[in-house]
Amino acid sequence: MKLVNSLIITALLLTSCGSVPLTGRRQMLLVSDSEVLSASLSQYDEYIKTAPKSTDATKTAMVTRVGKKIAAATENYLKQNGLESEIANFQWEFNLIQSDELNAFCMPGGKIVVYEGLLPLVASDDELGTVLGHEVAHAVAKHSNERMSQELLAQYGASVLDAALSHKSAAVRDVGNTVFGLGTQLGVMLPYSRQHELEADYMGLVFMTMAGYDPNKAVSFWQKMSAASGNSETSDFMSTHPNDAKRIAAIQSYLPEMEKYKTK
């Protein structure tokens with residue numbers, strides 16, 4: 001049985017691998033893009049119908065302006081790198097929601113939500129670009145699909161996964177309720193892994209730089225975020241997010257590379 005399980009897992013890995021744009025990291029994607037969108041958008045639609053949208057027209061316009069500019073730069077990158085077909089997966093949407101939480105999240109398809117609690121830490125479009133570039137990167141890197149695939153493998157097990165995937169709709173819905181459980185509480189951030197978070201930081205820096213924003217401002221934003229959240233030296237053991245000291249150090253190490261992505 002162990003041999004059979006190993007063969008099934010090997011076959012799945014060989015036939016269901018993709019690679020992340022920019023980083024080239026190999027990832028397991030067991031769920032089609034259409035199934036991910038179907039599983040997530042129903043959750044998002046339910047959430048956004050009842051979420052209290054910001055009444056601050058200026059701040060709402062800022063989120064929309066910066067978000068659309070980064071989305072446009074991202075799509076331009078995809079077109080220039082033979083990934084134009086991926087653009088069909090995105091219908092970008094940027095919403096500012098009334099909540100004091102220091103939070104933002106992105107659903108597949110480019111549905112991005114920012115909470116008002118973050119905006120006192122945002123002194124410029126450049127710093128907001130840090131947040132939105134990071135969330136756009138989660139969508140482009142298909143981190144939700146990867147997490148759903150990991151959940152499928154964990155929940156169904158190698159011996160029955162092949163059978164489960166032959167009737168994926170029900171399996172994907174079940175896993176989607178876990179991954180995209182936005183209805184459980186207001187302000188939940190999708191729990192990506194530390195690897196995903198650091199990857200989104202890097203890709204987000206590239207996308208915001210391509211959009212004309214200053215990637216150096218990512219450092220000042222995360223320094224303020226660290227002070228506000230108290231996560232600077234917290235261990236990231238058992239956490240889905242790296243502590244802020246590690247995150248800031250990683251971002252600083254990426255900055256020299258950003259020079260080649262700056263618009264002329």
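On a 1 Å grid over the protein atoms alone, a cavity is a set of points where a 1.4 Å probe fits but cannot get out, and residues with an atom within 4 Å of a point count as its lining. A volume is the space filled by probe spheres set on the points, which are joined across faces, edges and corners. The model is predicted, so local features need pLDDT of at least 70 and side-chain atom pairs pLDDT 80 or more, while totals for chains, interfaces and linings use all residues. Residues are numbered from 1 along each chain as its sequence is written, and side-chain values use heavy atoms, with hydrogens and water left out.

**Exercise 1. Describe the second largest cavity: what is its volume, and which element gives the most to its lining?**

Step 1. The second largest cavity holds about 40 Å³ of space, and the structure has 2 cavities of 30 Å³ or more.

Step 2. Among the residues that line the second largest cavity are Thr 130, His 134, Asp 201, Met 208 and Trp 222.

Step 3. Helices and strands here are DSSP runs numbered from the N terminus, helices being H or I with at least four residues and strands E with at least two. At least two lining residues come from each of H4, H7 and helix H8 (217-229), and H7 gives the most, with 5 residues.

Step 4. For classes, Ala, Val, Leu, Ile, Met, Phe, Trp, Tyr, Cys and Pro count as nonpolar, Asp, Glu, Lys and Arg as charged, and the others, Gly among them, as polar. The lining of the second largest cavity then has 6 nonpolar, 3 polar and 1 charged residues.

**Exercise 2. Find which residues lie closest to the centre of the largest cavity, and decide whether Lys 142 is buried or exposed.**

Step 1. The largest cavity has a volume of about 160 Å³, and of its 17 lining residues Val 36, Pro 108, Gly 109, Ala 139 and Lys 142 are the closest to the centre.

Step 2. Two or more lining residues come from each of helix H2 (33-50), strand S4 (104-107), helix H4 (125-140) and helix H5 (143-165), and by class the lining has 8 nonpolar, 6 polar and 3 charged residues.

Step 3. Lys 142 itself is placed in the loop between H4 and H5. The relative accessible area of Lys 142 is 18%, and this residue is therefore buried, where buried means under 20%, exposed over 50% and partly exposed in between, with a 1.4 Å probe and protein chains only.

Step 4. Most residues other than glycine have a negative phi. Lys 142, however, has a positive phi near 55°.

**Exercise 3. Work out how helices H3 and H7 are arranged, and which residues meet.**

Step 1. Helix H3 (residues 57-80) and helix H7 (residues 194-210) pack at an angle of about 100°, with axes 8 Å apart. Axes are lines fitted to C-alpha atoms, for helices over the stretch in contact, and angles run from 0 to 180 degrees between N-to-C directions.

Step 2. H3 and H7 are therefore roughly perpendicular, a term that covers angles of 65 to 115 degrees.

Step 3. With contact meaning heavy atoms within 4.5 Å, Ile 70, Ala 73, Thr 74 and Tyr 77 in H3 meet Phe 207, Met 208 and Met 210 in H7. The residues of this contact divide into 6 nonpolar, 1 polar and no charged.

How values were computed: Parallel < 35°, antiparallel > 145°, perpendicular 65-115°, else oblique. 1 Å grid on protein atoms, 1.4 Å probe; cavity = no way out; pocket = protein on both sides within 12 Å on 5 of 7 lines; lining within 4 Å.
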